[in-house]
Amino acid sequence: MIGSFSLQENHRKALFTLLAAACLLPGVSSPLALILGFILANLGWLPSNWEIGKITKKLLAFSIVGLGFGIPLQQAIDISTHNLPLILGSIIMTLVIGTLLTKLMRLEQRTGHLIACGTAICGGSAIAAVAPAINAKSEQTAIALACVFILNSIALFIFPVIGHLLAMSQHDFGVWSAIAIHDTSSVVGAASAYGEDALKTATTIKLARALWIIPVAALSAVVFGGKGRMVIPAFILYYCLAIAITSLLPQGQALYQLLFMAGKRALVVCLFLIGCGITLKKLRTHGRAPLLMATLLWLAIGSGSLVCVLWLH
């Protein structure tokens with residue numbers, strides 16, 4: 001923990017609430033929200049009896065569903081089908097490379113598999129779905145989540161910079177960020193910083209990738225003994241329903257736009273909450289090997305997908 005003076009519990013709650021509310025303001029960007037949460041956590045100023053992890057999970061689901069109201073159905077179908085080879089190819093390659101790295105680096109098999117699944121599909125959501133399917137221990141799940149959160153935080157800052165340096169179009173950046181960034185929250189954060197079209201493209205492709213949680217979790221359960229259970233995030237289905245509603249009931253466009261904007265700002269608050277879960281102590285606790293494996297896997301998929309996007313488009 002960073003050296004600091006302590007705050008009373010009521011002051012912690014007030015400061016936390018104030019910063020979370022500030023993240024709803026248009027002037028607060030996704031990277032800034034993440035930094036604010038990180039600083040608050042490392043100063044030890046988080047409310048001690050608030051379950052921030054559960055709050056984050058629920059708010060993330062709401063924000064993603066809200067984004068669904070801003071994406072036309074036909075656009076979602078066109079973007080998803082056009083990029084299906086890249087989506088499926090990146091998932092398969094990530095899982096294959098992740099398995100090889102796990103063996104080469106002699107990591108615990110379940111930990112390596114969770115990191116690979118989180119990188120291949122949608123970060124923390126994929127890890128949360130696959131962990132019970134393979135009967136992973138809580139420590140193995142925590143290590144995988146920590147690795148993903150760290151790399152997500154880095155991606156949020158560097159991806160828009162790389163996109164501008166390469167003069168990528170908003171569409172191409174949306175495709176690349178959806179393939180190469182782990183969590184949906186960081187994908188949306190990076191894409192929204194790049195532009196409105198990038199945001200819609202990235203969100204559509206990312207959620208199309210997220211649907212692959214179902215077959216990957218099922219296959220993982222078989223590979224690891226077949227005695228686990230699958231936990232499929234409900235927000236994926238609600239997101240698809242939101243897109244369908246905008247197509248079936250077009251007269252509600254004014255409301256849909258409000259829900260879309262609310263989802264965007266709620267996502268920034270989510271990134272603040274995610275930042276609250278990252279501390280220097282946690283980073284030191286989980287060791288270097290899993291993070292090195294996660295970083296190598298991420299670099300391989302990030303660079304490979306970038307080449308594919310630039311070449312194909």
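Predicted model: local features only at pLDDT ≥ 70, side-chain atom pairs only at ≥ 80, totals over all residues.
Reader: What is the hand of the crossing of H11 and H13, and which residues make the contact?
Author: The crossing is left-handed. H11 gives Thr 203, Thr 204, Leu 207 and Ala 210. H13 gives Phe 235, Ile 236 and Tyr 239. By class, that contact has 5 nonpolar, 2 polar and no charged residues.

Reader: What makes H3 roughly antiparallel to H14?
Author: Their angle does. Helix H3 (residues 52-68) packs on helix H14 (residues 253-275) at about 155 degrees, with axes 8 Å apart. The cut-off for roughly antiparallel is over 145. About 155 degrees passes that cut-off, so H3 is roughly antiparallel to H14. The crossing of H3 and H14 is left-handed.

Reader: Which residues meet between H3 and H14?
Author: On the H3 side they include Ile 52, Ile 55, Leu 59 and Phe 62. On the H14 side they include Leu 259, Phe 260, Lys 264 and Leu 273. The contact of H3 with H14 divides into 15 nonpolar, 4 polar and 1 charged residues. Lys counts as charged, and Lys 264 is among the H14 residues in this contact.

Reader: How do you know that H5 and H6 are roughly antiparallel to each other?
Author: By the same test. Their axes come within 9 Å and cross at roughly 155 degrees. That is over 145, so H5 and H6 are roughly antiparallel. Their crossing is right-handed.

Reader: How many residues of each class are in the contact of H5 with H6?
Author: There are 5 nonpolar, 7 polar and no charged residues. Gly counts as polar. Gly 98 in H5 and Gly 112 in H6 are among the residues that meet. Others include Leu 95 in H5 and His 113 in H6.

Reader: Where do Leu 95 and His 113 lie in the second largest pocket?
Author: Nearest its centre, along with Thr 99, Val 223 and Phe 224. The lining has 20 residues. About 390 Å³ of space lies in this pocket.

Reader: Which elements give two or more residues to that lining?
Author: Helix H5 (84-104), helix H6 (109-120) and helix H12 (213-223). The largest share, 8 residues, comes from H5.

Reader: How do the lining residues divide by class?
Author: Into 12 nonpolar, 7 polar and 1 charged. Of the residues nearest the centre, Leu 95, Val 223 and Phe 224 are nonpolar, while Thr 99 and His 113 are polar.

Technical notes
Residues numbered from 1 in each chain as written. Heavy atoms only, no water. Left-handed = near helix turned anticlockwise from the far one by under 90°. Helix = DSSP H or I, 4+ residues; strand = E, 2+ residues; numbered from the N terminus. Contact = heavy atoms within 4.5 Å. 1 Å grid on protein atoms, 1.4 Å probe; cavity = no way out; pocket = protein on both sides within 12 Å on 5 of 7 lines; lining within 4 Å. Points joined across faces, edges and corners; volume = space filled by probe spheres on them. Axes fitted to C-alpha atoms, helices over the stretch in contact; angles between N-to-C directions. Parallel < 35°, antiparallel > 145°, perpendicular 65-115°, else oblique.
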